[in-house]
Amino acid sequence: MMKKMRKILLLFFFASCISAYAQEIDVKGIVKSKTDSEPLIGVSVTVKHKTIGTITDTEGNYHLTTNTNDTLVFSY
């Protein structure tokens, strides 16, 4: 189950990240379960090596303002 969850989170990570030079952007997305496509509540979404982060809401949504060259880290 954890292996599948990591794959799901990596998929959403790559779909959410944009490569560019340090420009501030809004990053929004929805984290869903691969098995039943249900939204995942309470997934931690943080910016690697920074104190910026949020958690997904009851519909799996998250929203962060960060730089385009930052890396998002998803934990469940």
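The model is predicted, so local features need pLDDT of at least 70 and side-chain atom pairs count only at pLDDT 80 or more, while totals for chains, interfaces and linings use all residues. Residues are numbered from 1 along each chain as its sequence is written, and side-chain values use heavy atoms, with hydrogens and water left out.

Let's start with the fold. The protein has one helix and five strands, in the order α-β-β-β-β-β along the sequence. Here helices (H or I, at least four residues) and strands (E, at least two) are DSSP runs, numbered from the N terminus.

Next comes the inside. Of the 76 residues, 29% are buried, meaning under 20% relative accessible area with a 1.4 Å probe, protein chains only. The largest nonpolar core has eleven residues, including Met5, Val31, Leu40 and Phe74; such a core is a set of buried Ala, Val, Leu, Ile, Met, Phe, Trp, Tyr and Cys residues joined through side-chain atoms within 4.5 Å.

| Strand | Residues |
|---|---|
| β2 | 44-47 |
| β4 | 61-67 |
| β5 | 72-75 |

Ser33 is buried, with a relative accessible area of 8%. Leaving aside residues up to four places away in sequence, Ser33 touches Ile8, Glu38 and Leu40, where contact means heavy atoms within 4.5 Å. Leu40, a member of the core, also touches Met5 and Tyr76, among others.

Conventions: Buried means under 20% relative accessible area, exposed over 50%, partly exposed in between (1.4 Å probe, protein chains only).
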